[in-house]
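Here is a short report on charged side chains and their partners. Keep the sequence and the model open while reading.

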Amino acid sequence: MMRKKMISKRFVKYFGIASAFILAQACTDLEPTFGDSVEIESGEEGSFGGVGNTTNALAALYDNIENMGDQANEYALMEVSADGIAVLTRGVDWSDNGIWRTLHAHTWDAQHGYVRNAWNNRNSQVLAATQLLDPASGAAPAVAAQARVLRAFNMFWILDWFGKVPFRGVNDGVDVNPEVLEAQAAFDFILNDLDTAISGGNLSAHGPEEVFLAGEAMALMLRAKLQLNAEAFTGTAGNMNSVIADVNAIEALGYSLDPGTGPNGYFDIWDLDAGNTEVIWALDTFTGNRVFNMLHPNQTGWNGFVTLTENFQLFGTEDPAEDARVGVPSDQVNGVTVGYLRGQQLASDGTPLTDRQNNPLVYEVAPLQSLEVNNERTGVRVIKYPQRNADGFPAPSNAAVFFRYGDAVLMRAEATLRGGTGGPDALADVNAIRTRANAAPLGSVSLDDMLDIRMRELNAENWRRQDQVRFGTFANTWSLKNVTEDFRRKFPIPADALATNPNLTQNEGY
């Protein structure tokens, strides 16, 4: 399968594992495995002596980031806190002591479990990358370049969510409190890591065929994201010309809008085995959390997540199916279609399904009424990963798409509307996205249009909270959310982090 082929490329070419070992793994249909821990060498008088195996250390950085494919923790902060996704309590299902409801309703505090986990997960990886990058570790240039990009990736999210980034040096003992990089200093640190990695010539300049590798295109995409969100991060506008130049450079590496010529059209983007020209970077992890959490148990799902009805209605109420991004309810594969699932759901043989109370399983398009009290049918569902197996519900693939060229095109259009130069006309970029989705081209586009345009293209793809913060709508009201406290653009520093590092101060309002 393509996945094993790409994993082999990653480990052979960039991790330096012996080719004979990889061939042996491929012949037996096994994949290389690594320990969960990274060996650290002790230097003289307790100084840092470097990591014992830089290949394993880099593999561990990738493995940890792949945990972001989960539906909780980081993804919950990215999407459930915004106006794209809600997690509905249905009887006793998905109550979970209110951990999901408080995110959507903006009533979280410094004790919230997902906020704490996201903080701990990303901060631990900044230290791990810093240890790998230390000269004592002696990492090969290609390994160091990837580690620098992955450190920037982890710091990017800490800055986005919390507005500041703790930083511990490799020789700091447990009795040393990490220094804290405030917003501008953290931004500059991340930008320097990316500039160094991109300009050093040691990142793979691959095209779309290697989606699990932190190569040049992934680094360019992250740098463009950093500049596009600079004002939200630091209070100072970013370099929109740099955003446009980085997207142009991604395009020059061979990326393009996937034409969607397969049976699922637009949704072939998420079926990597079909091949595509669009995915820049994916997590080598199970995508079932993007499928099962939306589906009813009689579709082998978990029945918690829905998209807000307003998002479906953005496609137009008369015939939204004219836009390929909506999906066609009658086009069932294994009983499940891709797109916005609404109306009567069908089994794989076309038989109408029922819920567990024997009501017709009709996903309701009506506006949501409650986070706490819902039947099993409430809410429109959005599924982007196509189904595969011929019989029964399929096993989703192991490629959770994170960066893709369609997002980059919309970033370039937005940067142009924010005053940047050097790219196509913003309307041309927006209409390229619409044409690919079989939607009628627009006659004009303004910056005010871009938030809805991004929702139509990128719903449930990690970016909604960040987009809302950048466009100034995160403190607005929307379905099932009335809190309008502007300070919630940042999450609170977790209480236990404050208790253990006196250099940290709590974010305003908490």
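## Arg377 and Asp355

In this predicted model, Arg377 and Asp355 form a salt bridge, with their closest N and O atoms 2.7 Å apart. A salt bridge here is a side-chain nitrogen of Lys or Arg within 4 Å of a carboxyl oxygen of Asp or Glu. The pair links distant parts of the chain, 22 residues apart. Arg377 lies in the loop between strand 10 and strand 11 (381–383). Asp355 lies in the loop between strand 9 and strand 10. Helices (H or I, at least four residues) and strands (E, at least two) are DSSP runs, numbered from the N terminus.

Arg377 counts as buried because its relative accessibility is 16%. Asp355 is buried too, with a relative accessible area of 1%. Buried means under 20% relative accessible area, exposed over 50%, and partly exposed in between (1.4 Å probe, protein chains only).

## Basis of the model

Residues are numbered from 1 along each chain as its sequence is written, and side-chain values use heavy atoms, with hydrogens and water left out. In this predicted model, local features need pLDDT of at least 70 and side-chain atom pairs count only at pLDDT 80 or more, while totals for chains, interfaces and linings use all residues.

## Asp93 and Arg356

The whole structure holds 30 salt bridges. One of them joins the side chains of Asp93 and Arg356 (3.1 Å, N to O). These partners sit 263 residues apart, in distant parts of the chain. Asp93 is in the loop between strand 3 (85–87) and helix 5 (99–105). Arg356 is in the loop between strand 9 (343–344) and strand 10 (362–363).

Asp93 counts as partly exposed because its relative accessibility is 30%. Arg356 has 44%, so Arg356 also counts as partly exposed.

Arg404 makes a salt bridge with Glu457, the closest N and O atoms being 3.0 Å apart. Arg404 belongs to strand 12 (residues 400–404), Glu457 to helix 15 (residues 450–458). They are 53 residues apart and link distant parts of the chain. Both Arg404 and Glu457 are buried.

Salt bridges with shared partners join Glu278, Asp323, Arg325, Lys384, Arg404, Arg436, Glu457 and Glu461 into one network.

## Arg464

Arg464 is found in helix 16 (residues 464–471). Its relative accessibility is 7%, so Arg464 counts as buried.

Beyond neighbours within four places in sequence, Arg464 is in contact (heavy atoms within 4.5 Å) with Met78, Glu79, Ala82, Asp83, Gly84, Leu451 and Met455.
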